[in-house]
Amino acid sequence: MAMTKMMTAIAKSIFVAQSTSVRLVRVQSVNRHRRHMFTLSTFLNRYEVNRKRCLANSQIISQSGQGNVIKIPSFFSVTDQAPLKQSKRLLSSNVREAPSFIPSDIASEYPVWHKQSIEWGDMDAFQHVNNVVYFRYFENARIAYLFELKRIAKKDFLTNHAIGPIMADARARFRLPLTFPDTIYVGIRAELVERNQMQLAFKLFSEQHQDRIVAEGNGRMVSVNYPTGKKADFPPSMVEAMVHLQPNDESLQALIHNDLD
C-alpha cells in the first residue's frame, strides 16, 4: 500500500512537471514570436525613416543658365516611384537655392552644388566629423554631378555598365572641423578634361562656417569599357552635357573641336 501511494505521488509529480514544462515552452514560444514581430516592426519603421531621410538629404541644387534646378537621383525601386514623385513636389517648394554666403566668384565657378545635412554618426571620438566622411560627401556630390549630366544628355551612361566613369584616385585638404548639427554645400566642377579622363574639383562650405572654405578636394575620373576593363572615350552625349554646364572650359572646348563623334 505504501509503495502504491509513493508511485502515485511520483506519477503526479512527473505529470505536473511535464505540464509546467509545456506551459513554459508555450510562453517562451509566444514571447519569441512577439520578440520577432517587434524586431520586424522596428526594422520596417527604421527603414521608412531612413528612406525618408535619404529623400530629404539627397538634394541636388544644380545651377544652369536658366536658373536653379533641384533634382533627386532615382536611387529607388519601381515601388518607390509614387512616394518619390510626391517628395519631389515637397522638396521643390521647400528647398532654398544655393546659399548667398558662398562667395559669388566661387559659386559661379562650380555649376553643380550638393546640399546635405551632417548626421550624428558622421562624428568620431574627437567630436568632429571624421576625415574619411569628407570623401563620402565628395562622393555624394560626384553622384549629383553625374545625374545632372544624365538629365541634360537624356541618356543613361551611368547604369548600363557598358562604358562609364570610375574613380581612379581622390585627395582632400581639411581646413575647418565640421560638427553636428550643420548643413553642408559641396560644389563640383570638371577640370582638365581629356578624351578618357578628367579631374573633378570640390569645394565644401557649411552654414556654421558661412563663407569660409571647410574643405576642398579633387579626384581623377576615368572612362572605362566595363566588359573589357580598358579605357574608353567618354560618350559624346556626356561631353556635350559637361559643355552645357561649363561652356567656357578650355579643355571641354578642345574636345568638342576634336570631333568626338
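Modeller: Accessible areas come from the Shrake-Rupley method with a 1.4 Å probe, and for residues only the protein chains shown count as cover. The accessible surface of this chain is about 15,800 Å², and carbon and sulfur atoms hold 55% of that surface. The model is a predicted one: local features need pLDDT of at least 70, side-chain atom pairs count only at pLDDT 80 or more, and totals for chains, interfaces and linings use all residues. Residues are numbered from 1 along each chain as its sequence is written, and side-chain values use heavy atoms, with hydrogens and water left out.

Biologist: How many helices and strands does the chain have?

Modeller: Helices (H or I, at least four residues) and strands (E, at least two) are DSSP runs, numbered from the N terminus. The chain has 6 helices and 8 strands, and their order along the sequence is α-β-β-α-α-β-α-β-β-β-β-β-α-α.

Biologist: Which residues of α5 are buried?

Modeller: Buried means under 20% relative accessible area, exposed over 50%, and partly exposed in between (1.4 Å probe, protein chains only). In α5, 7 of the 10 residues are buried, so by this definition the helix is mostly covered. They are S237, M238, V239, A241, M242, V243 and L245. Across the 261 residues of the chain, 38% count as buried.

Biologist: How is the packing of two helices described?

Modeller: The description uses the angle between the axes and the distance between them. Axes are lines fitted to C-alpha atoms, for helices over the stretch in contact, and angles run from 0 to 180 degrees between N-to-C directions. The axes of α4 (residues 131-153) and α5 (residues 236-245) come within 9 Å and cross at roughly 105°. Therefore α4 is roughly perpendicular to α5. Angles of 65 to 115 degrees have that name; under 35 is roughly parallel, over 145 roughly antiparallel, and the rest oblique.

Biologist: Which residues of α4 and α5 meet?

Modeller: Contact means heavy atoms within 4.5 Å. From α4, Y145, L146, E148, L149, I152 and A153 meet S237, M238, A241, M242, H244 and L245 of α5. This contact has 9 nonpolar, 2 polar and 1 charged residues. Ala, Val, Leu, Ile, Met, Phe, Trp, Tyr, Cys and Pro count as nonpolar, Asp, Glu, Lys and Arg as charged, and the others, Gly among them, as polar.

Biologist: At what angle do α5 and α6 pack?

Modeller: The angle between α5 and α6 (residues 250-257) is about 140°, with the axes 10 Å apart. The two helices are therefore oblique to each other. In their contact, V239, M242 and V243 of α5 meet L252, Q253, L255 and I256 of α6.
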